[in-house]
Amino acid sequence: MLENSMLYPKTTASRRAVSLDGMWKFWLDENGTGEKDGFADGIPGEDRIPVPASFQDFYTEKNIREFAGDIWYEREVFVPGEWEGSQLFLRFGAATHRAAVYVNGRKITEHEGGFLPFCADITGVVRYQADNQIVVRVNNELTVTNIPCGETLTLPDGRKMNKPYFDFFNYSGLQRSVFLLALPKEYVFDFDLDYEIAGKDAFLHYQVKTTGEHETVLRLYDEQGREVAASAGKSGVMKVENARLWRVRDAYLYRLVIRILDGDALIDEYAQEIGIRTVEVKGTSILLNGEPVYLKGFGKHEDSDIVGRGFHIGVMKRDFELMKWIGANSFRTAHYPYSEEIYQMADREGFLVIDEVAAVGLFESLMNFMEASSGKKTAFFKKETTPMLLKAHKKAIEELITRDKNHPCVIAWSLLNEPETTDEAAVPYFKEVFDLARELDVQKRPRTFALIMNSLPDTCKCYRFSDIIALNRYYGWYVKGGHEISQARLLFQKEMDAWKALNLDKPFIFTEYGTDTLGTEHKLPSVMWSQEYQEEYLNMTNEVFDSYDFIKGEQIWNFADFQTTEGILRVNGNKKGVFTRDRQPKDAAYLLRRRWKGLPLDYKG
Ligand code: BDP
């Protein structure tokens, strides 16, 4: 069990959540001596930076953008006197990739992993009715003992530099919201929900964890605020008569209120929007509420101008509007768990989410995207450090599932992206990771991982672990692009025929396919990188998708152009977006819109 509650911060009748977003003092620790130089008591300089945001794209100096090392943040927070007797936490939505938190000069906690929340219990160290100093040391160095994987090199001038094994810019810092929380001593720590649909009714099986022994009471309200079910006890079942189900693009959200009571007196109250639905894989079908669904949508990134990977509520809204406009119904949180607000919005808008942990770059390559199809072997899971990586990976899976399990939008867990699966050494690693996800999720949602180009029916040792086979394929781009596209089609079909011959009786989806396309480039006849070629490629790919019944979804790479490390294969970023980085459509968006609006939800069902 995790040390701290992962519940989203909220003010309720018994809880206080104060946002600490805004301008924080900021210092890049060029020499890495901050700890020794006493930064815990106060950081140097007067520079201030917005939180939440990636620090990289505000400044004009390249050494700042490319900085690898310790990044220090500081601010003051006033703790009201009436909070004495409460349990106080600082709650970070994420600190990329690791952090240490100091309050009034004392180190409170450390956390490893850059895309999941953590708390610092500051109850014993705060000064009440006074200002308190918060200092955070964030470190953004890439290693092979934590996810996502990469290396940190030292340049001849002594500066460190990050070399990701993955294809997105190593944005970092305090990229998500920070809260100060005041909770009662006895509080709701966590809860699990599972659903059963019986005719018109539904049964909600629940289990609540609290930090004490007082009575726990649950009430469920519909969207009109009418109470539809109630129960007492830390575990039990609630019957919801005439339940309105949560459906794709037709979400219905009930409000679950959990209270801890001492007689009539309220000790704690926590409320969350939930959706009644079941998810299951049966044969080659993905079933939502027992009915087949076909996934249409994207692999995305949290990425935008200026704030980088920082959560931006406006960008989130625009992205959902574009996804609705184009007729999408799903996305994968490539390649890390996203900000919690995005899942809340997907719950409300009825989007299906494949929730991915940050296990990317588990294939030694400074240009993952280029070597993906080369057949190169790096014996990644045979490293001396593999046990450490596995430990970090499993911890991230536990944090991910604990954080996201009660979102109706989450229909599957993606446990790795493009790992090296051609070596037997991957097998025990996969087994541990897949078993853990099964054990932790009471809903037993399908588990998957995205297969790299060279993970083929005859080379991949790990596909059997997946409940849904998810392929990242680039026939017509990395393999036989341009005028050779007819050959790309044949190779693509050959691979799909080989999968078919295995008769796995599992659904297949495409979690990546696409072409880099410059939003400015038109060329008739087409050339690679032109908008015409993106359409030609999509027409070929869609025809292949349509000719295999067991293909149950298509999530194109990528929703929008995004920033990567600079290099000869990337023109100021990856340009496979259907939309540009400023969220305007390329021509392919209209083609996809026509297709996706026309495909029924139960396509090939
Ligand atoms: C795959 C990766 C993804 C890359 C993509 C690409 O999963 O992160 O951005 O290909 O090459 O290798 O565009």
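Predicted model: local features only at pLDDT ≥ 70, side-chain atom pairs only at ≥ 80, totals over all residues.
View 1. The buried residues are E340, E341, I342, Y343, M345, A346, D347 and E349, and they pack against β5, α2, β24 (330-332), β25 (352-356), α5 (386-404) and β26 (410-417). The helix is followed by G350, a residue whose phi is positive, near 75°.

**View 2. The crossing of helices α2 and α3.** Two packed helices are described by the angle between their axes and by the distance between those axes. Here the axes of α2 (residues 313-326) and α3 (residues 340-349) come within 11 Å and cross at roughly 35°, and this crossing is right-handed. On the α2 side the contact is made by M316, K317, F320 and K324, while α3 contributes E341, I342, M345, A346 and E349.

View 3. Four strands form an open sheet in the order β1-β12-β5-β8, and their pairing is antiparallel. The edge strands, each of which pairs on one side only, are β1 (16-19) and β8 (118-121). On average, and with direction ignored, neighbouring strands of this sheet are turned by 25° against each other.

**View 4. The pairing of strands β5 and β12.** Strand β5 (residues 87-92) runs antiparallel to strand β12 (residues 178-183), and the two pair over six bridges.

Key
Residues numbered from 1 in each chain as written. Heavy atoms only, no water. Axes fitted to C-alpha atoms, helices over the stretch in contact; angles between N-to-C directions. Left-handed = near helix turned anticlockwise from the far one by under 90°. Contact = heavy atoms within 4.5 Å. Pairing = 2+ DSSP bridges. Buried < 20%, exposed > 50% of the residue type's maximum accessible area, 1.4 Å probe, protein only.
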